Amino acid sequence: MAVPVGAGPLDAVIVGGGVIGLSAAWRAAARGLRVAVVDPEPVSHASRAAAGMLAPVTEAHYGEEELLALNLAAARRYPSFVGELEEATGQDTGYRECGTLAVALDADDRAVLQDLHAFQTRLGLAAEWLTGRECRRLEPMLAPIVRGGLLVAGDHQIDNRRLGAALLAALDRQGVPLHRVRAAELLVRGDRASGVRLADGTELAAGQVVLAAGCWSNRLPGVPPEALPPVRPVKGQILRLRVPEAYAPFLSRTVRGVTKGSHVYLVPRADGELVVGATAEELGYDTQVTAGGVYELLRDAHELVPGITELLLVETTAALRPGSPDNAPMIGQTVLPGLIVATGHHRNGILLTPVTADAVAELLATGEPPEVVRPFTPRRFTSARAGG
Ligand code: FAD
């Protein structure tokens with residue numbers, strides 16, 4: 001549906017219809033703002049490929065305590081966020097409070113996991129150390145060689161494809177226009193962003209523009225270089241398997257592990273899908289699925305859960321995470337007035353969807369970001385580039 005140019009300016013136009021752009025539009029429209037979304041292929045890139053783990057605790061890393069606080073805030077917001085979305089649309093998002101078990105296969109892996117457990121305990125995060133036998137009691141399909149593991153009861157999952165579909169339905173119900181065409185250029189009037197020109201020539205005038213185009217967010221013509229977010233594509237290959245009735249339930253919670261230094265996870269959906277991921281490759285915008293990528297994922301998953309060879313391989317995908325220089329997202333006002341970015345969510349964009357959506361809606365409505373996202377201003381990189 002096209003907004004006639006004469007119909008008056010929008011409060012905001014959102015470039016990018018992955019989960020970040022769609023959820024921001026949904027929350028902004030819920031606050032009474034007049035918004036539109038622009039994307040030729042909504043929910044078809046990282047937001048479609050992802051595994052949907054909501055895992056702030058198992059993803060906790062040394063030196064990333066501010067990001068951990070944001071990830072935890074997102075996990076806390078999830079139940080009410082999906083509750084509102086499911087109520088608004090009548091659609092199931094596949095949100096599942098199933099917990100996560102991170103396992104070790106040898107003494108080296110066990111030492112790494114025990115270090116992580118000590119770090120989590122220092123930060124007051126809930127994680128319980130289990131012996132190999134206790135792990136297998138919880139998940140009988142685990143390999144006999146599993147030496148121990150960490151049970152993180154609060155790390156959950158959502159079916160990101162259902163989440164994307166529900167967000168599209170919610171926008172449709174709100175009457176938010178979705179332009180299925182590429183944004184070709186940012187329009188700037190005077191010293192501020194004033195809208196976008198689409199690839200079909202349509203101009204959408206708007207009081208503010210939100211750049212939420214994933215790893216393409218640094219490629220929109222017309223954005224001044226100092227306002228471009230420094231995102232880069234990080235390729236991830238990922239598999240979808242199906243558990244035949246005879247083997248159900250195959251796993252009852254997310255299982256992850258490190259085998260000889262490489263990370264693998266298995267995320268079981270309630271409907272019998274099992275997602276196995278993911279590689280992390282710095283290969284620019286390449287999205288080809290390789291035999292090597294699929295082999296590595298199946299080999300590592302098989303080490304953890306040998307019975308995986310009985311399942312059906314139904315999909316192989318590769319997509320691009322929007323990476324940032326410090327692995328944390330960029331959410332906030334850029335140096336160009338009227339231009340907000342919401343990108344760089346890297347490995348945790350599905351988890352960070354609710355807090356990002358709330359933050360963008362708040363920024364659009366009040367001009368001020370909520371406290372929890374202040375450390376993630378995109379200007380942290382602008383000052384670094386300016387030598388500040
Ligand atoms: P995208 O989903 O990439 O969407 C960007 C959109 O912008 C696209 O739809 C594209 O068409 C559009 N676009 C680009 N240029 C333009 C333009 N000029 N005009 C209009 N539209 C444009 N996160 C988790 O939290 N948990 C996980 O378990 C998890 N697993 C992952 C596994 C893999 C293999 C991958 C690849 C990612 C995973 N992630 C996970 C990360 C998560 O998927 C991303 O962080 C998140 O989806 C980013 O969402 P996005 O909306 O910013 O980007």
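**Notes on the ligand shell and the cysteines**

1. The ligand has 35 residues around it, the closest being Asp39, Ser47, Met53, His346 and Arg347; a residue counts here if one of its heavy atoms lies within 4 Å of the ligand. Keep in mind that this is a predicted model, where local features need pLDDT of at least 70, side-chain atom pairs count only at pLDDT 80 or more, and totals for chains, interfaces and linings use all residues. Numbering runs from 1 along each chain as its sequence is written, and side-chain values use heavy atoms, with hydrogens and water left out.

2. A polar backbone atom of His346 sits 2.8 Å from a ligand oxygen, and a backbone N or O of Glu41 is 3.4 Å from a ligand oxygen. For Val38, a polar backbone atom is 3.5 Å from a ligand nitrogen. The protein buries 96% of the 1000 Å² that the ligand exposes when taken alone (Shrake-Rupley, 1.4 Å probe).

3. Which elements give two or more residues to the shell? They are α1 (19–30), α2 (46–49), β12 (232–242) and β16 (312–323), taken as DSSP runs (helices H or I, at least four residues; strands E, at least two). The largest share, three residues, is from β16.

4. By class, the shell splits into 19 nonpolar, 11 polar and five charged residues, with Gly counted as polar and Tyr and Cys as nonpolar.

5. Disulfides (cysteine sulfurs within 2.5 Å) come to zero. Cys98 is too far from its closest cysteine sulfur, in Cys135, for a bond, because the gap is 15 Å. Cys98 is buried at 13% relative accessible area, and Cys215 is buried at 0% (buried is under 20%, exposed over 50%, partly exposed in between; 1.4 Å probe, protein chains only).

How values were computed
Polar contact = N/O pair within 3.5 Å; in protein donor to acceptor, adjacent residues only side chain to side chain.
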